[in-house]
Each structure stands twice: as C-alpha cells, then as structure tokens.
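Q: Hi, I'm new to this one. Can you walk me through the fold?
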Amino acid sequence: MTDRETSDQPQPAQPDAALKRLGRLVGNWEVSGEAHGTVTYEWMEGGFFLIQHVDLGQAKGMEVIGRERGYEATEPSQDIKSRYYGSDGSTLDYVYELEGDTLTIWFGGKGSPAYYQGRFSDDGDTLTGAWVYPGGGGYSTTTTRVR
C-alpha cells in the first residue's frame, strides 16, 4: 500500500482530550460526609465511555458517561453527557465538565440550577465538593480513592 492509499482511508474515531481527562476518576472511591458508600469508575472498551457503579446505600445504580453520537450522526455531542440507571427504576441525565482540578456535574443540562461541584486534591486522590439544589438544598461529600 502506498502512503496515498493509506491517507485516503477513513481514520477510526478516537476519544477526545476532554473525555480522556475524566480518566482521573478511574478507580474505586469511598464517599463520606452527608452521603456514604462507594463509587467505581472504569473505561468501557474503546475508551469512549466511562462507566460508574454507585452504591450509596439507598441510591444504587450505574451511569454511562461520554459523548452522544446517534445513528448516522457524523459528529458527537458538544457536551459530555451521561445517563444514570438506578436500582429503583430511575433514569437521570447529567452533563460533565472538568476544568483544571474542578469537576462540575450538571443535573439535566449544562447551566442547570442543580449541580455538583468538587475539587481534586493536589495528588488527585480526594475529591471534595457538594451537590447544590434550587431553593438551598444539597449535601457535601468527600470522595477518597481507595488503593
């Protein structure tokens, strides 16, 4: 095969840099504070989706995090989106953003009045933050990587 032949071939899609940065979450974490339990993050084969397994007592479920790209779509979604599937039958949608050491998770869509914001420690093994709900509700947590 010549260089010209290989350059004309479509290149396989690759996960983008913003999605790859969420790899900081990969591992097992213990949640403490106003919620208690464990969460585990792992990449799905291919690296396009991050899977979270949640066990916070009454809140148990699984979340798939990545960019949406529907049937016949040529480009993925601008936002990194997720859908949570709860053991109680709930399905909840979120948008993830990681800028520097600050993780923001918007409930529903970006800019929602309900969101989580947390900051990673310098070593990346602790994430301290809070969920904020409209009307003043919410709760604080410290999430620590379990080695």
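Predicted model: local features only at pLDDT ≥ 70, side-chain atom pairs only at ≥ 80, totals over all residues.
**The barrel**

A: A closed barrel of 10 strands runs E1-E2-E3-E4-E5-E6-E7-E8-E9-E10, with antiparallel pairing. A strand here is a DSSP run (E, at least two residues), numbered from the N terminus. Two strands pair if DSSP finds at least two bridges between them. From one strand to the next, the twist averages 25 degrees. Axes for such angles are lines fitted to C-alpha atoms, and angles run from 0 to 180 degrees between N-to-C directions.

Q: How many bridges link E1 and E10?
A: Six bridges, in the antiparallel sense. E1 covers residues 27-33 and E10 covers residues 138-146. Glu-30 stands opposite Thr-144 in E10.

Q: And what about E1 with E2?
A: E2 spans residues 37-43 and runs antiparallel to E1, with five bridges. Gly-27 has Tyr-41 of E2 as its bridge partner. A hairpin of three residues connects E1 to E2.

Q: Which residue of E3 partners Tyr-41?
A: Gln-52. E3 is residues 49-56, antiparallel to E2 over six bridges.

Q: What sits between E2 and E3?
A: Five residues, in a hairpin. Gly-46 in that turn has a positive phi of about 100 degrees.

Methods:
Residues numbered from 1 in each chain as written. Heavy atoms only, no water. Helix = DSSP H or I, 4+ residues; strand = E, 2+ residues; numbered from the N terminus.
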